[in-house]
Amino acid sequence: MDSKQHGELIDRYSARNYAPLPVVIAKGEGVWVEDVDGHRYLDMLSGYSSLNFGHSHPRILEAFIEQARKLTMTSRAFQNDQFGPFCKEITEFCGQDLVLPMNTGAEGVETAIKAARKWGYKVKGVEADKAEIICCENNFHGRTVTIISFSRDPQFKDGFGPFTPGFKVIPFANPQALEAAITKNTVALLTEPIQAEGGILVPPAGALKQCYDICRKNNVLFIADEIQTGLARTGRMFAIEHEGVKPDVLILGKALGGGVYPVSAVLASKEILGVFNPGDHGSTFGGNPLACAVARTALKVLKDENLPQRAAELGEAFVARLRTIGGNKIKEVRGRGLLIGIELHESAGVAKKYCKELKEHGMLCKDTIEQVLRIAPPLVISQKELDWSFERLAKVLG
Ligand SMILES: Cc1ncc(COP(=O)(O)O)c(C=O)c1O
């Protein structure tokens, strides 16, 4: 079947909850993908940062296949021989005491919310059912009913009420607003270190550290959603390291699954994740042996290939180069590591228009908010491939 026939099938049989570019990918290797019509494209989205290692990374694929041959699924009703080593390795990797594995990012966020609430009642002493969590304007944490209850985007909420109470929304990375919003019932601040879906918004230096200090002073948990920014994407293993902060609760997803399998995890101290008792919370697939084997290898590859440093060096040079593109379309280039946003002037039209054009030049990109084009290639991209993409970006956006 060619891409047109695939498109017709998808239009006919799939719910229309996405509006993808008209490209039907059939193969992927490294930073390149190929569609069913034989066209090759450079992948500049990386599955929303799930593909930090590129497509089909040999070591990750090998771990996946080897484990799939042995044992794929047990459920946590029994133990499996990948789970213990995974828990030890990921907690040491993240500098936390305990881990609670899930599958998708949104489940990780839900888990962190439940942990913070229960910690509030059991440890902090908040009155039953009064716990409040502070979130940030312009956030993106996923799509469950509870998470969209504090979403930035009216479209995410439209038609899906009633919503979950217990959340307050303040401006992003705003210490004054945080201080003003905290009450005796506040259990946590939930924040992304960089708002990725919100338009690649990097907070002013030190602002999140100040928020962290305010949390400390008020016995409020600082929850970092590093689902998109974590695992080397921004030039550090975790984006919150740019602020010198170690979060109380860390949420990982996307790249933790090496681009081959959904794996998410919540990490925290014994005091926080220790509030869960058997039966309080769980997931059929969370912590399964295939997920654990893949995640263990992903964590090793991050270190062995020195991906944080690679993202930092390539990203810094690429941002500097993008800033040299002249013309009247680009308003600002911003980002950290290889999480880069190109904001366009309104007069230039919406970013999606340029994603379509770039596709014709062999590059797959995705807008974030209307005016922002996101550049987030696999971290294994070479300088030569970045040069290749620069030429195309300069042509289309210059
Ligand atoms: C910061 C952040 N949190 C949570 C999520 C939700 O992850 P998932 O789509 O795996 O549920 C995303 C997805 O884009 C994200 O970027």
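A residue is counted as near a molecule or strand if one of its heavy atoms lies within 4 Å of it. The model is predicted, with local features requiring pLDDT of at least 70 and side-chain atom pairs pLDDT 80 or more, whereas totals for chains, interfaces and linings use all residues. Residues are numbered from 1 along each chain as its sequence is written, and side-chain values use heavy atoms, without hydrogens and water.

**View 1. The shell around the ligand.** Thr104, Gly105, Ala106, Phe140, His141, Gly142, Glu192, Asp225, Ile227, Gln228 and Lys254 surround the ligand. This shell comprises three nonpolar, five polar and three charged residues; Gly counts as polar in this division.

View 2. A polar side-chain atom of Asp225 is 2.7 Å from a ligand nitrogen atom. The protein buries 81% of the 390 Å² that the ligand exposes when taken alone (Shrake-Rupley method, 1.4 Å probe).

View 3. Strands are DSSP runs (E) of at least two residues, numbered from the N terminus, and two strands pair if DSSP finds at least two bridges between them. S5 spans residues 132–136 and pairs in the parallel sense with S7 (residues 186–191) over three bridges; Ile133 has Ala188 of S7 as its bridge partner. S5 also runs parallel to S6 (residues 167–170), joined by four bridges, and Val169 of S6 is the bridge partner of Cys135.

**View 4. Side chains of S5.** Five of the five residues of S5 are buried (under 20% relative accessible area, 1.4 Å probe, protein chains only). Glu132, Ile134 and Cys136 point one way, and Ile133 and Cys135 the other.

Technical notes
Buried < 20%, exposed > 50% of the residue type's maximum accessible area, 1.4 Å probe, protein only. Polar contact = N/O pair within 3.5 Å; in protein donor to acceptor, adjacent residues only side chain to side chain.
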